[in-house]
Amino acid sequence: MAMSLAFHIIFAAIGVAMPLLTVLAEWRFRRTGDSDYLSLAHRWAKGTAVLFAVGAVSGTVLSFELGLLFPGFMRHAGPVIGMPFSLEGFAFFTEAIFLGLYLYGWEKLGPRTHLFAGAVVAASGAASAAFVTIANAWMNAPRGFRVESGRFVDIDPIAAMGTPFAPHEIVHGTLAAYLATGAAVAAIHAIGLLRNPQSAFHRKALGLALALSVPTALVQPLAGHWAGHEIAKRQPAKLAAIEQLERTQSRAPVSVGPIEIPWGLSILAGNSPDTVVIGLEDIPPADRPPSIVQPFFQAMVLCGVLLAGHALWSLWLRIRHRAPSARFLRATVLAGPLGFLALEAGWVVTEVGRQPWVIYNVLRTADSVTPMRGLVVPFVAVSLVYLMLSAVVIEILRRQFREAA
C-alpha cells in the first residue's frame, strides 16, 4: 500500500496542477496571440494526458488494495466514507470527459468553449483530490458514527465529511500539488534555457511555471502552521513524534536537521512559546507513532524552506525586472525535485504519524490489515509494473522535451 501511494501521489499531484498550467498557457495565447503559448498549451496537454492515464492505472490498483489489504478497515469504514469516494469518482470521470474534449477539440470547439473545457479539467482534478483528502482526514479525526458491540452504527456520511481535519488537509495538500508540479516544470524549462539562452519558448514556460510555484511556496508555510495547530489539538502523539519530545513542556523546541529552533514546537502547536506540548512520556508506548516520523518531518520542512528561499529570489528578480541569470537557472534545476520530495515526506508524516491507528483512536492498523500470507508476490509484481510505467512515462516525456528544445 505504501509503495502504491508513493507512486500514485506523484501523478495525482501532477493531475491537479498540470491542467491549470495548460489553461494558463492557452489563456495567454488567446489574449496575446503569441504562438509560443499555443505551442506550450499543446505540449503540456499531451504530457497531462500521458500522466493522467498512468495516474488512472495506479489509482485503480489502490482501490483494489483498500479492500484486499485492509478488509477490516473497509468492513467498518466503507459505509461511512463511501460518499467522498463516490464523489471522487464523479469528479474523476468529469475530468476524463473534459480532458478528451480539450485534447481533441482544438479545431472543433470555439475558443471560449475550449478554454472552458480546460478550466473544467483543472477544477475537477482539484475536486477529485479534495474528496480523497476528506476520506483521509476522516481517518485522522473520525466523525459521523457510533461504535456499538464492535460495529459502526448511526452512520451519517455528511457528518463524516465534516471532519475538522478536512479544511487544513485540503488546503495543504492542494498547495503542495501546485508547488511540486510548478517547481518541476520550472526546472525542466530552466534546463532548456541553460542549453539555449535565447529560447523565447522556454523563457515563457519558465515564467508560467514560476507564477504557480512562487506564490504557493510562500503561502505553504502558513498552511503548514495551520496543520500543526490542528495536529496539536487532535493528535498530540503525532506532534510529540515529530520532535521525539520525551517530556511534556512549554517552550518546546523543534529541530530542522542540526538546527534547533527554540520554542518552535510550542509556537507551532498554539501560537505561543508558553503552549504546553504533550511529550511521549504521557503517551502509552503502544500508542506512540514510529520514530521515523521525525526525519521525514525534518526533510519536508527543509525542502519547504529551500523552495521558499528560491521563491523569494524569483520574486526579487521579478520586482527588479531582471532576467534569470545562469546561477538562478541552475538553482531552479536543483529545486525541481524538492516539491515532490516534500510531498512524499509529508505523506509519510501524515500516515505513519497516525499509527498505530488506521482510524484514529477507533481502529488499530493491526486489527484491520489482512491476515493473508505470501504478499511478497503481489508486492513484487506491482512494483515491477510501476517501474515499467515509470520507464515508459520518462521516455515519452523525454521525447517531448527533446522536440521542444
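**View 1. Contacts of Ser255 in the predicted model.** Beyond neighbours within four places in sequence, Ser255 has contacts (heavy atoms within 4.5 Å) with Glu243, Glu260 and Gln298. Ser255 belongs to strand β3, residues 254-256; strands are DSSP runs of E with at least two residues, and helices are runs of H or I with at least four, numbered from the N terminus. Ser255 counts as buried because its relative accessibility is 13%, buried meaning under 20% relative accessible area with a 1.4 Å probe and protein chains only. This is a predicted model, in which local features need pLDDT of at least 70 and side-chain atom pairs count only at pLDDT 80 or more, whereas totals for chains, interfaces and linings use all residues. Residues are numbered from 1 along each chain as its sequence is written, and side-chain values use heavy atoms, without hydrogens and water.

**View 2. The nonpolar cores.** A nonpolar core is a set of buried Ala, Val, Leu, Ile, Met, Phe, Trp, Tyr and Cys residues joined through side-chain atoms within 4.5 Å. The largest has 77 residues, of which Leu40, Trp44, Leu239, Leu265, Val277 and Leu307 touch the most other members. A second, separate core of 16 residues includes Leu69, Val80, Met139 and Leu363.

**View 3. Surroundings of Leu40.** Residues up to four places away in sequence aside, Leu40 touches Ala25, His189, Phe201, Lys204, Ala205 and Leu208.

Note on methods. Buried < 20%, exposed > 50% of the residue type's maximum accessible area, 1.4 Å probe, protein only.
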